[in-house]
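Please read it with the sequence and the model open.

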Amino acid sequence: MVVKPAALMCGARRSCLILHLFPTARRIEVFNLVCLFCCSCLFANFFACTMNSVVSALTKRYGEQNDNYFSGSPLNRVSFLREDYAFLSSALRHPTTRFIVLQKFDPAVYPNSGDYYYLKYDDVKSAIGNPFEKSESEVIAEFDSSISAPPLIFLGIDESKADGVVHKQYTGHALFALDVTLPELDVLFKPAIQSIIDGIESGGGKFVTVRTAFILSYPDAAIYAQARSYLDWNVRNPFCAGCGSKTLSVNGGSKRVCPPTDRGVERGPCPSRGTITNISFPRTDPTIIVAVVNSKGDKLLLGRNKRFPVKFYSCLAGFCELGESVEEAVRREVWEESGVKLGRVVIHSTQPWPYPACLMIGAIAEALPDGEKIHLEHDPELGDAQWFPFSTVEQALNVAEKNSNTLDLTDNLVEGPIKVPPSKAIAHVLMRAVVVEKAHRI
Ligand SMILES: [Zn+2]
């Protein structure tokens, strides 16, 4: 295996005399051993190399990290600043700040490029005002349940842009997500929101479904995953799980509180007040998805959901249950759906799946030699499950890669080769990791 020079180079080695004299990749490999004992950087290596060498050692041992679609956000969420409404207020109104807009959770984009159709504060001001003008405690004290403002989420700051909002040592372009789904809104806000929608559509923007058309870039998809999940959670939780009263979105859209008063009138007691509870914050649902290899190591177990087209196969998946490890969930789901019994399970990588708030935990597992018989009658969720030779799966992966931006679930042809998910789905990544030697992110 050829180790990439960048993975070997620590900060100290960048100042190494030998590497200054022979700075090419080939020579770094040649002088790798020499570098360990080179007088010019031995001292610096000792003190400065630790962190990078740890990363390098992990990469060498376990391979490169796989950042799946919907992960790898360029934003710093600065979650600890969400309660600071003075910061949120200045971030909201800063001229470099941008807003992504979602309608029924579909983002507004330029359909040809897939780039976001960003708005500025002046574009949305008439619809949202400044919800961070007062402190959070004042906003809670003035709660009026008869008003439902358009959901607004503070997503974070892009620190690669230096001319943005500045707060203490934090600076960058701030990004918010705004929901413009009209039927959900108060009449009060509808004209201004309609005007935003009209402006987007007349400007060439369009609201697109990301789930079956992966047209967003990897960084934009990660931002979308955060925006969609938080907006969805706010829309789904208008009432308190503790007492049934209406709740209020705070913390820049990442928390919902049950205020003690409504229009100045005291409400009844609620178990969510005065303590940190898991009903005030959004949850993530852990979900397993697994590529199962036979004990001989030449076939992959794939299943076809009854809702999928006839030739469409994928990895098996399911929710983790309470009091269950990821490995146990993998073994249980595979046995329940296919009858196959598993031995070793390893975690490969993960993928946020914002429909609405899942974390797909991608695993690779090996079937037990005497547990490979397929039986679909335990939990009749699958229409079919089969062991496919690696070569068959690889051919299907290569075809799917060419159509990597779409998930076509309408093609119901019964003849021809099998079809598998596109390369931006973690199922595809897991399959490729198994059937293609040294497969990394595509
Ligand atoms: Zn309550």
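In this predicted model, His 167 has Tyr 170 in strand S5 as its bridge partner. Strand S4 (residues 165-167) and S5 run antiparallel and are joined by three bridges. Their hairpin has two residues between the strands, and Lys 168 there takes a positive phi near 50°.

**Strand S5 and its other partners**

- S5 is largely enclosed by the rest of the structure, because nine of its 10 residues are buried.
- S1 pairs with S5 over five bridges, in the parallel sense.
- Opposite Leu 102 stands Asp 179 of S5.
- Between S3 and S5 there are six bridges, and the pairing is antiparallel.
- Ala 174 in S5 is the bridge partner of Ile 157.

**Helix H9**

- Helix H9 spans residues 121-128, and its buried residues are Tyr 121, Val 124, Ala 127 and Ile 128.
- Viewed down the axis of H9, these buried residues fall within an arc of 120°, so they line one face of the helix.

- Phe 70 is not a glycine, yet has a positive phi of about 80°.
- The loop between helix H7 (50-62) and H8 holds Phe 70.
- The relative accessibility of Phe 70 is 2%, so Phe 70 counts as buried, the cut-off being under 20%.
- Phe 105, also a residue other than glycine, has a positive phi near 70°.
- The loop between S1 and strand S2 (106-109) holds Phe 105.
- Phe 105 counts as buried because its relative accessibility is 16%.

**Cis peptide bond**

- Tyr 355 and Pro 356 are joined by a cis peptide bond, with omega about 0°.
- Pro 356 lies in the loop that runs between strand S14 (342-353) and strand S15 (358-367).

Definitions and conventions: Residues are numbered from 1 along each chain as its sequence is written. This is a predicted model: local features need pLDDT of at least 70, side-chain atom pairs count only at pLDDT 80 or more; totals for chains, interfaces and linings use all residues. Side-chain values use heavy atoms; hydrogens and water are left out. Buried means under 20% relative accessible area, exposed over 50%, partly exposed in between (1.4 Å probe, protein chains only). Helices (H or I, at least four residues) and strands (E, at least two) are DSSP runs, numbered from the N terminus. The arc is that of the directions from the helix axis to the C-beta atoms. Two strands pair if DSSP finds at least two bridges between them.
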